[in-house]
Amino acid sequence: MNITVVEVQAWLDDFAKKIEDNKDYLSLLDTPIGDGDHGNNMSRGMTEYKKSIEDKQPNTISDTFKILAMALISKVGGASGPLYGTAFMNMTKATVGIDVISSYEELSKVIEQGQIGISTRGKADFGDKTMLDVWIPVVSSIKDENFNDEIIENAKNATKDLVAKKGRASYVGERAIGHIDPGATSSSYLFETLLNYI
Amino acid sequence: MNITVVEVQAWLDDFAKKIEDNKDYLSLLDTPIGDGDHGNNMSRGMTEYKKSIEDKQPNTISDTFKILAMALISKVGGASGPLYGTAFMNMTKATVGIDVISSYEELSKVIEQGQIGISTRGKADFGDKTMLDVWIPVVSSIKDENFNDEIIENAKNATKDLVAKKGRASYVGERAIGHIDPGATSSSYLFETLLNYI
Amino acid sequence: MKKIINDPSNVVEEMLSGIVRSYGNLVERVDDSRVIKENKLFNQVSLVSGGGSGHEPAHAGFVGDGMLSAAVLGDVFTSPTPDQILTAIQSTNNGQGVLLIVKNYTGDILNFEMAKDMAEMEDIRAEILVVDDDIAVENSLYTAGKRGVAGTILVHKILGNYARQGKNLDQLLEIGNDVVSSLRSIGIALKGATVPEVGKEGFDLADDEIEYGVGIHGEPGYRKEKLQPSKVLASELVDKILASYGSETKEVGVLVNGMGGTPLMEQFIFMNDVLDLLDQKGIKVIFTKVGNFMTSIEMQGLSLTTIDLTDKSEWLGNLESQVTTISW
Amino acid sequence: MKKIINDPSNVVEEMLSGIVRSYGNLVERVDDSRVIKENKLFNQVSLVSGGGSGHEPAHAGFVGDGMLSAAVLGDVFTSPTPDQILTAIQSTNNGQGVLLIVKNYTGDILNFEMAKDMAEMEDIRAEILVVDDDIAVENSLYTAGKRGVAGTILVHKILGNYARQGKNLDQLLEIGNDVVSSLRSIGIALKGATVPEVGKEGFDLADDEIEYGVGIHGEPGYRKEKLQPSKVLASELVDKILASYGSETKEVGVLVNGMGGTPLMEQFIFMNDVLDLLDQKGIKVIFTKVGNFMTSIEMQGLSLTTIDLTDKSEWLGNLESQVTTISW
Ligand SMILES: Nc1ncnc2c1ncn2[C@@H]1O[C@H](COP(=O)(O)OP(=O)(O)O)[C@@H](O)[C@H]1O
Ligand SMILES: Nc1ncnc2c1ncn2[C@@H]1O[C@H](COP(=O)(O)OP(=O)(O)O)[C@@H](O)[C@H]1O
Ligand SMILES: [Mg+2]
Ligand SMILES: [Mg+2]
Ligand SMILES: [Mg+2]
Ligand SMILES: [Mg+2]
């Protein structure tokens, strides 16, 4: 593993592209159990990220994460904005002074700080049918060095059979069952694209 | 001709019945060139007349007309209310002290007063596609002693090919052509039912 | 028909009751009537307006200190009757006469004229001010004249303050006519309104169609067209209105009035476009107001009203004066 | 989608511009922001509210002396972002701290919390008051809690007057929580709203169907049913609200709030029925208000809000106090 600022920016570019390509699908997922804007929300954030990266040309991992955090915080507005924003703000702090992430252990510490940010801000637990249902297993699997596509995919799909206890989806009660969580899906894109750089 | 208060009340009962029976039709006529309420308006007025006649049991022609005038004025609200109301108010005055109308000449004077009331209040002329297009020929025909169904029917039908210059129908311009005027139609009922008592 | 009502033939009665029970601190019902009047009457010429119901908050929402003394409510889209108007006159007159502010519709004119005649028989002087601000249908020999629409509210406001300041009936009538002649309005409809007793929409528009110049009872306008961006609609209306003034208009007041079913968001976007256009033409806008004032039940659409305020700083003061009403 | 707009992605920007240009005598935009603030700031704790757009006149219509110091406008039905909220905090704070009045939606809560954290880093004290008056979705361990709806306006009004009277931030927060716990709201929808960028209605109802308990963004309610007369709807809502209070409620204030597409006529008819029901139950109604305050774009429907005013004559005074805002 040799994740430098170059890989991080390539990863986040892939993520931005994935979000853009799946914008309508994410909003569609958000329609039956939310307000149908998750794709638009994430897209607004990632578009800003791309613009800001272009402008500021950061050359550290930490500064790159900071730009992403600020873009998400200042452009999304939905629940996902402050949650992803806090995650990347924490990851900004966790990577200060780090030029290269070269082990699963190092990577897991960084991603775990992100997950802790989401947990703290959103006060949700595993199984509440949120993006955390992807972040938590991902952190474990990186720790265990068995981080792969299947883990991500399964974690995302597992949200399908759940009732939501947090966020807008909690208002639809039982009717949430049968629908994959949009935030879990966007998080699955984040980690799928990360896999390319490990 | 021997029109006493008995005949007048029988006439107005017939008129009330005719309005009730044709309420929807009158409103329908008022739909393309007006606001679709002429049947309801007239029906409200005549229902009040029936109630009021029951209550007050007037025993002169003049008092009967007065009750009708008041009913129309106080219950209709549309353009037709004050117009018919003024007509019958004038006819109230024209019949003070008269127990029986026994000639075309006497009858024409009474109806003409009604027509003058409408003309004065509404400031319309013959050919403006209003109820006056029936009242004016009716007055002439009574004067000429050739008052009959055909005259009434023709007068009403003649409104069909006109553009309206007064009332709500004037807003639709050329589009009024092809539609019989609702007020002319209700007036035709008034005079058709009168024919039975001559 | 999907409405939150009980008996369609009883909507005016129940609404009236709802109004006076909700705002009993400001207005009251004259017993056994369709008249809503101020709780406190002031020592001034009384201002009475009214018309068919379905235009709420007009006119009951504008009863109060500095605007109307009373409003008379007819059935939905039907003029009130002369006896009710007379009640409004009698219950508000305190010797200085009553000004009747009437929108130019045959039914309203005739019923108010009749009430005026009846008042005269009781030695109460009443005068009628006819408001005909809607330029969609041009005044001509061939119609009942221009219709009266949202500009009426500005008449209430300006004359209301003058009446409060002590102007007499003749003065109010004269100023009123001057105000009316400085008003211009046009409406746009996206979707018709349903009169409860009728049960279906008063007119139909296709899903992508709008109509320019529709009246507040759904009277037909002057053109149907595919829906356009707000800027284009604003431009059509502004151009038509400015053309009708002639060229000397330097300062105007602008009222954007929602028809009942159009949200404030759209009204503000439209106003923004109107202000851009007036700016470009060098016309100064010195008074603005946005909201549902003269509605057409739940019609979707709005109307634009301007008032020429060039050299009329006194009118501006009246427009800006404080009033105590439900809805100004 | 039939709306008077230009670019669907620019509606908030243009609306905001329309608001400040129309009411520049009362409010102004903080440069390069989505913040509308009072022209004059007073020497008091600042009150800031906000949320997604599409609820107009909330919240910008309630900015002014005696209510809010500023409103922050998010995209349609989307919370404003922390940086914008921070701007509102910075531009209104005058050393006595800022109270953030937030409707209970996860997005709003998280963004306002983040802004509060950011303000603290700049040594500005900000506190969050969460309004969760909508009892349609019961609070429980299994949801994000009750939603915040039209009762928020009454919170603005009561706290606005207290802030003007000089209460400090802690006092306002404490009273605020007390006010919130005395509020109850439920909505009814007849027809969904269309978010401009989405282009179709947020939810579907059959032609003869209504839904009880719908939220102000079209969140699902607790029951769909055939449309009923106003009396029946009123009875359902009043019963549910009173049951949730327990038994000691003697005096209440009542707010009937239109959702944007429902005309005032229906709102007053519904209020009339509500007042009948409360009368029958011996509950005194000492404050009433009817109109479009917290809308859901052009949704058809309304909400009923009550506030328990038993032994709260001070709150009543605050509700009745004069304010200088666009829309109260
Ligand atoms: N309390 C929470 N903790 C973690 N994730 C949450 C929480 N609330 C919501 N989410 C996530 O946010 C997603 C919704 O984001 P989005 O649609 O952008 O925001 P909004 O719900 O404000 O419209 C949900 O699918 C869920 O994964
Ligand atoms: N100025 C007028 N003079 C005579 N009759 C008129 C005039 N204006 C309207 N009418 C008559 O009134 C009728 C419409 O009455 P109605 O529908 O009850 O009133 P409204 O037009 O107020 O709804 C028209 O069909 C016409 O015959
Ligand atoms: Mg969402
Ligand atoms: Mg008619
Ligand atoms: Mg009519
Ligand atoms: Mg959202």
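Predicted model: local features only at pLDDT ≥ 70, side-chain atom pairs only at ≥ 80, totals over all residues.
Trainee: What makes A:D35 and A:D37 ligands of the magnesium ion (ligand 6)?

Mentor: Donors are N, O and S atoms within 2.8 Å of the metal (3.2 Å for Na, K and Ca); water is not among the atoms, so sites may look incomplete. The OD atoms of A:D35 and A:D37 coordinate ligand 6 at 2.1 Å, so they meet that cut-off.

Trainee: Which residue coordinates both the magnesium ion (ligand 6) and the magnesium ion (ligand 3)?

Mentor: That is A:D35, and the two ions are 3.5 Å apart.

Trainee: Why is A:D37 called buried, and what is A:D35 called?

Mentor: Buried means under 20% relative accessible area, exposed over 50%, and partly exposed in between (1.4 Å probe, protein chains only). A:D37 has 13% relative accessibility, so it counts as buried. A:D35 has 23%, and therefore it is partly exposed.

Trainee: What coordinates the magnesium ion (ligand 5) in chain B?

Mentor: B:D35 and B:D37 do, through OD atoms at 2.1 to 2.2 Å. B:D35 also bridges ligand 5 and the magnesium ion (ligand 4), which lie 3.5 Å apart. With a relative accessible area of 24%, B:D35 is partly exposed, whereas B:D37 is buried at 13%.

Trainee: What does A:T64 touch?

Mentor: Contact means heavy atoms within 4.5 Å. Not counting residues up to four places away in sequence, A:T64 touches A:V5, A:V8, A:Q9, A:L12, A:Y49, A:I53 and A:P58. A polar atom of the A:T64 side chain also lies 2.8 Å from the backbone oxygen of A:T60.

Trainee: How do you know that chains A and B do not touch?

Mentor: No contact joins chain A and chain B, and their closest C-alpha atoms lie 41 Å apart. Chain A and chain C are not joined by a contact either, with closest C-alpha atoms 19 Å apart.

Trainee: Which chains share the most contacts?

Mentor: Of the three pairs of chains in contact, it is chains C and D. There, 56 residues of chain C are in contact with 56 residues of chain D. The area buried between them is about 4700 Å², with carbon and sulfur atoms giving 61%; buried area is the accessible area (1.4 Å probe) that two parts lose on being put together, summed over both. In chain C, the residues losing the most area to chain D are C:K2, C:I4 and C:M265, together 20% of what that side buries.

Trainee: Why is the pair D:D276 and C:R21 called a salt bridge?

Mentor: A salt bridge is a side-chain nitrogen of Lys or Arg within 4 Å of a carboxyl oxygen of Asp or Glu. The closest N and O atoms of D:D276 and C:R21 are 2.7 Å apart, so the pair meets the cut-off. The interface of chain C and chain D has four salt bridges.

Trainee: What are the domains of chain C?

Mentor: Domain 1 (11–181) and domain 2 (183–320), with bounds from an automatic or database domain assignment. Their C-alpha centres lie 22 Å apart, and 35 residues of domain 1 of chain C are in contact with 36 residues of domain 2 of chain C. The two domains bury about 3000 Å² between them, 65% of it on carbon and sulfur atoms.

Trainee: How many salt bridges are counted between domain 1 of chain C and domain 2 of chain C?

Mentor: The count is one. C:K312 forms a salt bridge with C:D178, their closest N and O atoms being 3.3 Å apart.

Notes. Residues numbered from 1 in each chain as written. Chains lettered and ligands numbered in written order. Heavy atoms only, no water. Polar contact = N/O pair within 3.5 Å; in protein donor to acceptor, adjacent residues only side chain to side chain.
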